[in-house]
Amino acid sequence: MNKNIITVTSPLLPNLEEFTKILQEVWDSKWITNNGSYHKQLEQALAEYLKVPFVSLFTNGTLPLITGLQALRITGEVITTPYSFVATTHSLWWNGIKPVFIDIDWETGCINPDKIEAAITPKTTAIMPVHVYGKPCNINAIQNIADKYGLKVIYDAAHAFGVEVNGESILNAGDLSTLSFHATKVFNTVEGGAMIIHDEKTKQRIDYLKNFGFAGETEVIAPGINSKMDEIRSAYGLLNLRQVDAAIEARHQVAISYRKALRDVEGIEFWDDIPGVRHNYSYFPIFVDAKKYGKTRDELYFKMREQGVWGRRYFYPLISEFSTYRGLPSAAKENLPVAHKMADSVICLPMHHALSTEDIERIISIIVKQ
Ligand SMILES: Cc1ncc(COP(=O)(O)O)c(C=O)c1O
């Protein structure tokens with residue numbers, strides 16, 4: 001990688017010496033996967049850190065979505081957002097479920113609860129919102145509607161590691177939440193993910209489902225899948241958990257610098273922190289108003305790229321624009337005006353724990369200069 005390039009993210013890596021030491025222990029134990037000691041330790045440590053009852057580790061953040069839908073026996077139609085990473089909608093498709101897209105809220109990027117009721121049909125069984133960029137959805141409004149219509153709520157919380165509202169983890173909302181521990185995330189295990197579960201019985205069922213459905217040596221209770229996290233990545237995760245608070249604080253400082261420098265730039269919009277919310281600063285999206293800024297989002301995006309600053313148009317295009325989903329009635333552009341506006345104006349600026357003051361100044365100067 002060219003040293004002059006500033007990438008949108010950079011992985012939080014454990015200290016290599018400590019990792020080597022822990023690897024020696026894994027080697028000595030000769031137990032490298034299948035619910036070993038580090039897997040159990042990381043589940044416990046994460047449950048404590050995240051302030052949630054149960055965590056089940058997975059090999060990535062897509063499989064807990066797919067498995068969670070199976071565990072809750074979701075069928076028919078599920079109301080969801082087009083403004084997310086494709087894995088959200090793919091998890092429905094893999095379960096033979098029809099995604100029904102509704103529009104999002106400009107203030108949060110998450111689904112607009114006011115749009116849910118109109119999308120409910122006799123086939124609707126659940127809602128799958130996304131805490132996009134780690135910004136909390138309106139969980140109370142969503143739960144009220146779910147309760148009224150007897151729907152399940154599965155949160156794709158891939159971005160919401162450690163996010164709390166008034167001291168309570170956002171991951172406790174709904175029936176299940178899922179996390180991604182991909183290398184690009186605030187907390188990573190290289191590849192990895194987790195499901196957040198509220199009761200012991202469901203935790204047991206999920207643990208069976210992620211291990212082919214095995215419930216003991218000779219019994220298979222359901223057509224499960226293999227999505228267990230191994231010991232090496234669990235050990236890596238335990239080391240990374242020790243430094244994640246410092247990484248979140250470093251990201252917070254980057255957000256403060258961006259906001260200070262961009263506050264008065266005409267045509268550049270961004271979000272401020274929400275009082276009472278513990279944010280994780282996983283992303284820093286800006287929204288370009290071409291008329292006021294004098295350049296389109298794409299002009300700015302490519303100008304940044306030319307100068308070695310790799311932002312990301314995240315999320316663009318909308319999931320509803322991909323050929324797989326474009327034909328769905330709910331994918332029609334008129335149904336999703338706010339989502340289209342956001343997808344057409346967003347650039348996620350570089351955001352990670354290791355950005356230097358010079359990096360930040362370089363990024364800002366390109367945006368301010370245009
Ligand atoms: C919103 C969202 N959901 C799901 C996923 C899938 O996670 P993974 O890449 O760990 O499978 C991602 C990954 O980027 C994501 O951003």
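Student: Is F212 buried or exposed, or something in between?

Tutor: F212 is partly exposed, at a relative accessible area of 38%. Here buried means under 20% relative accessible area, exposed over 50%, and partly exposed in between, with a 1.4 Å probe and protein chains only. This is a predicted model, where local features need pLDDT of at least 70, side-chain atom pairs count only at pLDDT 80 or more, and totals for chains, interfaces and linings use all residues. Residues are numbered from 1 along each chain as its sequence is written, and side-chain values use heavy atoms, leaving out hydrogens and water.

Student: Where does F212 sit?

Tutor: F212 is in the loop between helix 7 (200-209) and helix 8 (231-262). Helices (H or I, at least four residues) and strands (E, at least two) are DSSP runs, numbered from the N terminus.

Student: Thanks! Now helix 13: what should its span be, and how far apart are its end C-alpha atoms?

Tutor: Helix 13 has 13 residues, 357-369, and at 1.5 Å a residue it should span 18 Å; its end C-alpha atoms are 18 Å apart, which agrees. The expected span is 1.5 Å times one less than the number of residues.

Student: Which of its residues are buried?

Tutor: In helix 13 the buried ones are I360, I363, I364, I366 and I367. Looking down the helix 13 axis, these buried residues fall within an arc of 155°, so they line one face. That arc is taken from the directions from the helix axis to the C-beta atoms.

Student: Why would that spacing put residues on one side?

Tutor: An α-helix has 3.6 residues a turn, so residues three or four places apart point the same way.

Student: What's on the other side of helix 13?

Tutor: There you find T357, E358 and K369, which are exposed.

Student: And what do the buried residues of helix 13 pack against?

Tutor: Their partners include helix 8, strand 12 and helix 10, with contact meaning heavy atoms within 4.5 Å.

Student: Switching to the backbone: which peptide bonds are cis?

Tutor: One joins Y314 to F315, with omega near 20°, and another joins Y316 and P317, with omega about -10°. F315 is in the loop between helix 10 (297-306) and helix 11 (323-326), and P317 lies in the loop between helix 10 and helix 11.

Student: What about phi at Y281?

Tutor: Y281 has a positive phi of about 55°, although it is not a glycine. Y281 is buried, at 11% relative accessible area.

Student: And N35's phi?

Tutor: N35 has a positive phi near 55°, and at 40% relative accessibility N35 counts as partly exposed.
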